Amino acid sequence: VQLQASGGGLVRTGGSLSLSCAASERRFATYAMGWFRQAPGKERESVAAIKWTSAGPYYTNSVKGRFTISGDSARGSVYLQMNNLRPEDTAVYYCAARNRLAGGPSTLPNPETYDYWGQGTLVTVSS
């Protein structure tokens, strides 16, 4: 199974972008999916993630109130609506999927708990 991410691009500060990620197989059941990002010279960080059976999604503090994650657990699809973008949001965004039990909601930000990764899509926010 491969994940295909799309939707990146160049946008001005305050603009919006919508990222999509889909699995190569029509039906790819997952336990959790998420978005990570890596800016030049920085480590990969978790942006948002969702565990389908949990009460709510995870967001890193810097994107709360601006980004919204959603998706389809049975199809292995996940989306990230990004509003009010800032230059510090500039990064390559990766989607990831977990198709095994790997702990509770506290594990969502941990990239080691994900089994499948997309190729990344570049988001550039100009000031």
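A disulfide is a pair of cysteine sulfur atoms within 2.5 Å. In this predicted model, local features need pLDDT of at least 70 and side-chain atom pairs count only at pLDDT 80 or more, while totals for chains, interfaces and linings use all residues. Residues are numbered from 1 along each chain as its sequence is written, and side-chain values use heavy atoms, with hydrogens and water left out.

A search of the whole structure turns up one disulfide. It joins Cys21 and Cys95, whose sulfur atoms sit 2.1 Å apart. The link between Cys21 and Cys95 is right-handed, with 60 degrees about the S-S bond. Distant parts of the chain are tied together here: Cys21 belongs to strand S3 (residues 17-23) and Cys95 to strand S9 (residues 91-98), 74 residues apart. Both Cys21 and Cys95 are buried, where buried means under 20% relative accessible area, exposed means over 50%, and partly exposed lies in between (1.4 Å probe, protein chains only).

Zooming out, the protein has zero helices and 11 strands; helices (H or I, at least four residues) and strands (E, at least two) are DSSP runs, numbered from the N terminus. The radius of gyration is 14 Å, close to the 14 Å that the globule rule gives for 127 residues, so the protein is as compact as a globular protein of that length. That radius is taken over C-alpha atoms, and the rule is 2.2 Å times the number of residues to the power 0.38. The C-alpha atoms fill a box of roughly 40 × 30 × 25 Å along the principal axes. Of the 127 residues, 43% count as buried.

Next come the sheets. Two strands pair if DSSP finds at least two bridges between them. Four strands make up an open sheet in the order S1-S3-S8-S7, with antiparallel pairing. S1 and S7 are its edge strands, each pairing on one side only. From one strand to the next, the twist averages 15 degrees; axes here are lines fitted to C-alpha atoms, for helices over the stretch in contact, and angles run from 0 to 180 degrees between N-to-C directions. Within this sheet, S3 and S8 pair over five bridges in the antiparallel sense, and Ser18 stands opposite Gln81 in S8.

Strand S11 has pairings of its own. Four bridges join it to strand S2 (residues 9-12), and these two run parallel, with Val11 opposite Val125 in S11. S9 and S11 run antiparallel and are joined by three bridges; Tyr93 stands opposite Thr121 in S11. Thr121, Val123 and Val125 make up the covered face of S11, whereas Leu122, Thr124 and Ser126 make up the uncovered one.

Now for the interior. A nonpolar core is a set of buried Ala, Val, Leu, Ile, Met, Phe, Trp, Tyr and Cys residues joined through side-chain atoms within 4.5 Å. The largest one has 28 residues, and Trp35, Phe67, Leu80, Met82 and Tyr93 have the most contacts inside it. Among the strands that each supply at least two residues of this core are S1 (3-6), S4 (32-38), S8 (77-82) and S11 (121-126). A second, separate core of six residues includes Ala32, Phe36, Ala49 and Leu108.

Thr60 is buried, with a relative accessible area of 14%. Leaving aside neighbours within four places in sequence, Thr60 is in contact (heavy atoms within 4.5 Å) with Ser46 and Val47.
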